[in-house]
Amino acid sequence: MSKNKKIPKVGIGGPVGSGKTRLIERVVPVLIEKGYRCCIISNDVISKEDAERMQRVLSTELKVMPENMIIGIATGGCPHTAIREDPTINLAVIDEIEKKDPSLDLIIIESGGDNVMTTFSPALADYFIYIIDVAGGDKYPRKGGLGIESSDLLVINKIDLASHVGADLAIMERDAKKIRGEKPFVFVNCQTGEGIERVAENIIKSILFDKKPIAKKDRIR
């Protein structure tokens with residue numbers, strides 16, 4: 001175990017195409033605007049394509065964070081293994097990050113695309129966001145699964161597609177409440193930014209505990 005300061009960690013999981021990478025691209029600028037400094041670790045099976053995309057969007061285009069703060073990991077196997085059964089490779093990267101920049105406010109860990117059984121090891125993530133998309137149909141929430149049932153925050157993305165795929169958002173809301181009980185969920189459109197502020201607010205309240213970001217003059221350089 002590292003003896004360095006433990007930086008809060010958010011795990012983001014969900015099926016392929018649900019919008020994990022796009023969610024991060026939208027939420028991180030909001031957090032940065034509020035003064036929080038973030039690092040991103042992106043897991044994929046055989047490529048680092050998502051990390052490279054986020055470097056292009058967040059570093060080159062938006063210029064909101066350094067490219068070296070977006071790290072890609074090619075797991076070489078089932079995405080579950082690297083975030084749940086044996087998160088060693090991710091923990092090693094996190095240990096290095098905590099040594100190099102302990103003044104970071106947050107580390108975001110993106111899982112490789114997988115199914116409704118995705119969860120993160122408690123040793124890896126302190127807070128778990130699971131994202132699904134409306135294109136899967138309004139039956140999605142009531143199908144349950146570890147991700148939908150146990151995540152700290154459920155994000156239902158691509159709400160603009162509801163009318164195109166015959167999905168009823170009211171049904172999804174009803175079933176999400178039934179399946180999740182008191183656990184929160186947010187309807188989101190990552191393209192327009194609708195709901196993104198609420199996702200950021202949940203992260204700040206639940207894992208950063210509303211603490212103010214460290215002042216620039218007090219940060220480690």
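This is a predicted model: local features need pLDDT of at least 70, side-chain atom pairs count only at pLDDT 80 or more; totals for chains, interfaces and linings use all residues.
Q: Which residues line the largest cavity?
A: On a 1 Å grid over the protein atoms alone, a cavity holds points where a 1.4 Å probe fits but cannot get out; lining residues have an atom within 4 Å of a point. The lining residues are Val 10, Ile 12, Leu 23, Ile 24, Val 27, Ile 108, Ile 129, Val 199 and Ile 203.

Q: How much space lies in the largest cavity?
A: Searching the whole structure turns up one cavity of 30 Å³ or more. Volume is the space filled by probe spheres set on the points, which are joined across faces, edges and corners. The largest cavity holds about 40 Å³.

Q: Which element gives the most to the lining of the largest cavity?
A: Helices (H or I, at least four residues) and strands (E, at least two) are DSSP runs, numbered from the N terminus. Strand 1 (9–13), helix 1 and helix 8 (196–206) each supply at least two lining residues. The top contribution is three residues, from helix 1.

Q: How much space lies in the largest pocket?
A: A pocket is an open set with protein on both sides within 12 Å along at least five of seven lines. Its lining counts 26 residues, and Gly 17, Gly 19, Thr 21, Arg 22 and Arg 53 lie nearest the centre. The space in the largest pocket is about 390 Å³.

Q: Which element supplies the largest share of the lining of the largest pocket?
A: Helix 1 (20–33), strand 2 (38–44) and helix 2 (49–61) give two or more residues to this lining. The largest share is four residues, from helix 2.

Q: How many charged residues are in the lining of the largest pocket?
A: Five of the lining residues are nonpolar. Another 11 are polar. The charged residues number 10.

Q: Which strands are at the edges of the sheet?
A: Seven strands form an open, parallel sheet in the order 3-2-4-1-5-6-7. Two strands pair if DSSP finds at least two bridges between them. The strands that pair on one side only are strand 3 and strand 7.

Q: What is the bridge partner of Asp 44 in strand 3?
A: Strand 2 and strand 3 (residues 70–74) run parallel and are joined by five bridges. Asp 44 pairs with Ala 74.

Q: What is the bridge partner of Ile 156 in strand 7?
A: Three bridges join strand 6 (residues 153–157) to strand 7, and the two run parallel. Ile 156 pairs with Phe 187.

How values were computed. Residues are numbered from 1 along each chain as its sequence is written. Side-chain values use heavy atoms; hydrogens and water are left out. Ala, Val, Leu, Ile, Met, Phe, Trp, Tyr, Cys and Pro count as nonpolar, Asp, Glu, Lys and Arg as charged, and the others, Gly among them, as polar.
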